[in-house]
Amino acid sequence: MALYESKTELWDLDINVIQPEGKGPDPATDGNSGTKPFRDAFERYIQPCLAELLGSSLFIFVGCLSVIENTEGTGRLQPALAHGLALGIVIAVLGEISGGHFNPAVSVSVFLIGGLNIILLVPYILAQMCGGMIGAGLAKVISPSMNYAKVSGAAFITVQADTQIVPATVAEVIMTLFLTMVVCMGAVNGRTRSLLAPLCIGLTVTADILAGGAVSGACMNPARAFGPAVVANYWSYHWIYWVGPMSGALLTASFIRLLLGDEKTRVLLM
């Protein structure tokens, strides 16, 4: 007990006893450390971006590896479960730091309903894209070259002809609408958010991949498409995986604004 008492007494000391006036960088006169503004800025802006970078890297690494090492006979089940479980886990672990987006489409939809500071929108997207490249690069490093080449490094290769463009794009819009609606209503909106949001989001990704994987590959995440495309240098029909998810995010924000209004949403990151 004496240990805790001594620590309390230390923090109760006048700051000028520890750091005399005129010594060190900007001595505080109100009892607060002069580094507090920098610490607050780091926690508010840098830490969330680092969390998005780390979470995106881990999620996309697992997702790419599940496609590269997909065993015969499992079809889309193995990638669907791997993506859904990995996303749910990283959201549960890192969500309290950044909100657990790990997807540019999610960040756009959350921003549009008032759940993300505009200052963080572009840094989030850049962190997610960098995370995509890191995750895809790590998957390439540990994968046998034959397996890696067979699936083009887990880049999205489902669309092979112009006749598939419209179905694939529409599928991406609808599946991303489903995903971002679950995120915004389950994790951001003050009236409906739930502790089960990470599980629900992971299950939504799994369901979307099982349902639409044969149509478009069920990306729903531009960072998940961008990372493997850069590492494997595969860009065929890559634009679909930006246009579709971003359109779905815009639709989600529109529906939520119409149904609930501004006053019914809650800011997740201030």
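Analyst: What follows covers the overall fold, then the cores, then the cavities.

This is a predicted model, in which local features need pLDDT of at least 70 and side-chain atom pairs count only at pLDDT 80 or more, while totals for chains, interfaces and linings use all residues. Residues are numbered from 1 along each chain as its sequence is written, and side-chain values use heavy atoms, with hydrogens and water left out.

The protein chain has eleven helices and zero strands; helices (H or I, at least four residues) and strands (E, at least two) are DSSP runs, numbered from the N terminus. Of its 270 residues, 45% are buried. Buried means under 20% relative accessible area, exposed over 50%, and partly exposed in between (1.4 Å probe, protein chains only).

In soluble globular proteins, nonpolar side chains tend to be buried together. A nonpolar core is a set of buried Ala, Val, Leu, Ile, Met, Phe, Trp, Tyr and Cys residues joined through side-chain atoms within 4.5 Å. The largest one here has 47 residues, and Leu 87, Val 110, Ile 201 and Met 220 have the most contacts inside it. Among the helices that each supply at least two residues of this core are H3 (36-68), H4 (77-98) and H8 (165-188). Apart from this core lies another, of nine residues, including Val 159, Ile 165, Cys 219 and Tyr 237.

Met 220 has contacts (heavy atoms within 4.5 Å) with residues including Met 175, Leu 179, Val 205 and Pro 245, leaving aside residues up to four places away in sequence. Cys 219 is buried, at a relative accessible area of 6%.

A cavity is a set of points on a 1 Å grid over the protein atoms alone where a 1.4 Å probe fits but cannot get out, and lining residues have an atom within 4 Å of a point. Grid points are joined across faces, edges and corners, and a volume is the space filled by probe spheres set on the points. The whole structure has two cavities of 30 Å³ or more. The largest holds about 50 Å³, and its lining includes Phe 156, Trp 235, His 238 and Tyr 241.

How values were computed. On a 1 Å grid over the protein atoms alone, a cavity is a set of points where a 1.4 Å probe fits but cannot get out, and a pocket is an open set with protein on both sides within 12 Å along at least five of seven lines; lining residues have an atom within 4 Å of a point.
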